[in-house]
2 protein chains.
Amino acid sequence: MNNISEKFAKLGVGSAPGQEALQQTGSVELRGARLEGVPVDFSHGDVNAFPPIPGSLETFTDGFHCGADQAYTPYRGKRSIRAGLARKLAEFTGAPIDPEREIILTPGTQGALFLAMGANIGSGDKVAIVEPDYFANRKLVEFFDAELVPVQMDYFGAGKGSGLDLTALEDSFRNGVSLFLFSNPNNPTGVVYSRFEITAIANLAEKYGVNVIADELYARQIFEDHAYTHLRGLGLMDPDKLLTIIGPSKTESLSGFRLGVAFGSAAMIERMEKLQAIVSLRAAGYSQAVFANWFSEPGGWMAERVAMHQAIRDDIYNVLRAAEGFRVRLPEGGSYLFPKMPEIAVSLHDFCKALRLHAGVTVTPGTEFGPQFSGSFRINFSQQHQAAVAAILRTVEMVRRYRV
Amino acid sequence: MNNISEKFAKLGVGSAPGQEALQQTGSVELRGARLEGVPVDFSHGDVNAFPPIPGSLETFTDGFHCGADQAYTPYRGKRSIRAGLARKLAEFTGAPIDPEREIILTPGTQGALFLAMGANIGSGDKVAIVEPDYFANRKLVEFFDAELVPVQMDYFGAGKGSGLDLTALEDSFRNGVSLFLFSNPNNPTGVVYSRFEITAIANLAEKYGVNVIADELYARQIFEDHAYTHLRGLGLMDPDKLLTIIGPSKTESLSGFRLGVAFGSAAMIERMEKLQAIVSLRAAGYSQAVFANWFSEPGGWMAERVAMHQAIRDDIYNVLRAAEGFRVRLPEGGSYLFPKMPEIAVSLHDFCKALRLHAGVTVTPGTEFGPQFSGSFRINFSQQHQAAVAAILRTVEMVRRYRV
């Protein structure tokens, strides 16, 4: 069992979003007076500030009253719900989806990601992962004993698009990568890949026969009509080598129901269903009913929600851009900002703890997204607007106190 | 990716409960006239016949209205819910539980089982598995590339207890097994392990330093006050090497919420939480609220539910015992019966398909529980009483038609 202990020692969750209360805090140096204000947990969105899609609870209740048919669905999800989603998601992404073979409902987008990774990689397989990208991507590669091949993204670069190093991506494909996983909009930076970049990814995947998982969790929250390109909608790569993941946990605030979807490659989805059978059987049956509200929100509701997020983004971005020594890129989509701080005199983890204990502000350390991001942190700005801006002002003050 | 395809080819779900609609049915020989009657799906319980604990939907609704605190709990589950369950489950099992370190809430009992196995075994580890026992146990061993060491249970034997081969169990421990996983009451036979057997398991685990996972999913549904011994309550083995699993999906019919619990070893639970962080984050937040109803059912509700199951068990058992060529053991707990049929002229899988197509009766083939059970099938008798008895009568008639 020693191997297991070692393996899990690497899979830390103490700095993962929502887990901060597990941290040891005894030795952290707290500088200056305590900064008072409404505590803000930027590690995830606040569903009190942005409540679930109207009618979600009612749809859940209807599902509960359906009884056995809803409680015990096939492992890949209830047939009628898959049919409805296949239609909506095909329209959204610009390519058809067979509801019988090409879609699976999962316990959250995290569930989709786990099943997708488990259904594609094993010991020693090489997986290309963008840096920075969603922290669980890295942990999944480790858990399945695969080999992480990092590909850098110069998100501060002046060019159009994400700044993904396409040459390094091709090198990784040439050197035996079997799977490429990336989020678009990128988590944690909020950058949206350009059509040129998505086209290049498709062409490279096709050229080298690489499987691709596109995590489009935030694809419905794009600001200022920035162009968004669905990889599967381009039709440039073998659809049996491409899986797309999305879910209603973020912009739509349905996280408490744990719902996600994966669609595309029928071969991958068949393996994912087999894995789901031993992981958790199915997405909670009654919760599955709530998918009916998704992509069927009341008229104007999504547009207003995106506009409200854009307003918060703008205010926080302006505070950070004006703060001495900070660098930050304006997100084109999603609810994350990933600022780089000026150099500080304590470790990133100690700073994040001090920020939480002394200023009531919880952020996610940049090192969760790649070891080199030791001067950055991530915030989810889906929060009560004024409290979030005030918390960022406190954060800037705390950075000032800890600067070298 | 060839290794992955091979690995998943072994993880079939076509004969798993609830997945029967995926089967190819073209070539099955249908003998005699169609047997009409209310279709019964014995692959899982019927929550229409036995609805969820009263008040569950209302508690869920309260949880939903709690908002962010309920939607985003720590990965191991909401603190106040863990505290309440730790108290109830300590009383139920006869040994204390630290709510901070020794309990984790999971997406169903299946979720608990997956996390427990993933947190304990890796490539090449030897795992002792009872035959017959819950089919997913076998698949989990395969998925984690561990080695299955079968231990036979002579459940038709005349002795007291389950008939587990304790000599073979000790041999397996002596030969390097690192983990023993078993269900009590046993799935699929419904046998309850005797106090002597549970004591022997504890002593052997202690002697050889083996980790144990006790799946007690049906421990609240014991018939005729048959004695039930909680392994952890004996206090005979290192509590850090023992994990107990239970959940409200069966007797209490809360499966549609996907709720389970694992408790015991703090070291295992710490690893399970790390795994849960990348598998599905947490049991659905709003669903977690429904745990409040569990072990707090209205007075007399559980006793009546168990009595109703006992009545169905008795009627079905009497039909099967009287049927020519059948062998069946009376279950002491749980909702399963595992009859052995007389020899039939077609394969077990073809018979099960014919039974479903021609008599409207769905059962789970015995081979899901071990390759040697090719003459047995499992039924979950948590069904509408009269429909279930009628379906078993049709099953007996179908067996008569296919006998050698």
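Lys139(B) is buried, its relative accessible area being 12%. This value, like every other in this report, comes from a predicted model. The side chain of Lys139(B) forms a salt bridge with Glu368(B), and the closest N and O atoms lie 3.5 Å apart. The two residues stand 229 positions apart and so link distant parts of the chain: Lys139(B) belongs to helix 6 (residues 135-143) of chain B, whereas Glu368(B) sits in the loop between strand 11 (364-365) and strand 12 (377-380) of chain B. Glu368(B) is buried as well, with a relative accessible area of 14%.

Besides Lys139(B), the buried residues of helix 6 of chain B are Phe135(B), Ala136(B), Asn137(B), Arg138(B), Leu140(B), Val141(B) and Phe143(B). Asp145(B), which follows helix 6 of chain B, has a positive phi, near 60 degrees.

## Salt bridges within helices of chain B

Side chains of opposite charge can pair when their charged atoms come close. In helix 14 (residues 385-402) of chain B, Arg401(B) and Glu397(B) are four residues apart, which means that about one helical turn separates them. Their side chains meet in a salt bridge, with an N to O distance of 3.0 Å. How exposed or buried is Arg401(B)? Arg401(B) has a relative accessibility of 17%, and because the limit for a buried residue is under 20%, Arg401(B) counts as buried. Glu397(B), at 23%, is partly exposed.

A further pair is found in helix 7 (residues 166-174) of chain B, where Arg174(B) and Glu170(B) lie four residues apart, about one turn of the helix. The salt bridge between their side chains has an N to O distance of 3.6 Å. Arg174(B) is partly exposed, at 48% relative accessibility.

## Charged residues in chain A

In chain A, a network of salt bridges links Glu170(A), Asp171(A), Arg174(A) and Lys207(A). Over all chains, the structure holds 36 salt bridges.

Arg258(A) presents another case: this residue is buried yet has no salt bridge. The nearest side chain of opposite charge, that of Glu252(A), is 11 Å away. Arg258(A) lies in the loop between strand 7 (242-246) and strand 8 (260-264) of chain A. Leaving aside residues up to four places away in sequence, Arg258(A) touches residues that include Thr106(A), Pro107(A), Gly108(A), Gln110(A) and Ser249(A). Residues of chain B are also among its contacts, namely Ser280(B), Leu281(B), Arg282(B), Ala283(B) and Ala284(B).

## The interface of chain A and chain B

The contact between the two chains involves 69 residues of chain A and 69 residues of chain B. Together the chains bury about 5600 Å², of which 69% is on carbon and sulfur atoms. Zero salt bridges are found across this interface, while the count of residue pairs in polar contact is 14.

Which elements of chain A give two or more residues to the side that touches chain B? They are helix 1 (2-10), helix 2 (56-66), helix 3 (68-71), helix 5 (108-118), helix 6 (135-143), helix 10 (266-279) and helix 11 (285-288) of chain A. Helix 10 of chain A provides the largest share, seven residues. By class, this side of chain A consists of 38 nonpolar, 23 polar and eight charged residues.

Definitions and conventions. Residues numbered from 1 in each chain as written. Chains lettered and ligands numbered in written order. Predicted model: local features only at pLDDT ≥ 70, side-chain atom pairs only at ≥ 80, totals over all residues. Heavy atoms only, no water. Contact = heavy atoms within 4.5 Å. Buried area = accessible area lost by both parts, 1.4 Å probe. Salt bridge = Lys/Arg side-chain N within 4 Å of Asp/Glu carboxyl O. Polar contact = N/O pair within 3.5 Å; in protein donor to acceptor, adjacent residues only side chain to side chain. Nonpolar A, V, L, I, M, F, W, Y, C, P; charged D, E, K, R; others polar. Buried < 20%, exposed > 50% of the residue type's maximum accessible area, 1.4 Å probe, protein only. Lys, Arg positive; Asp, Glu negative; His and termini not counted.
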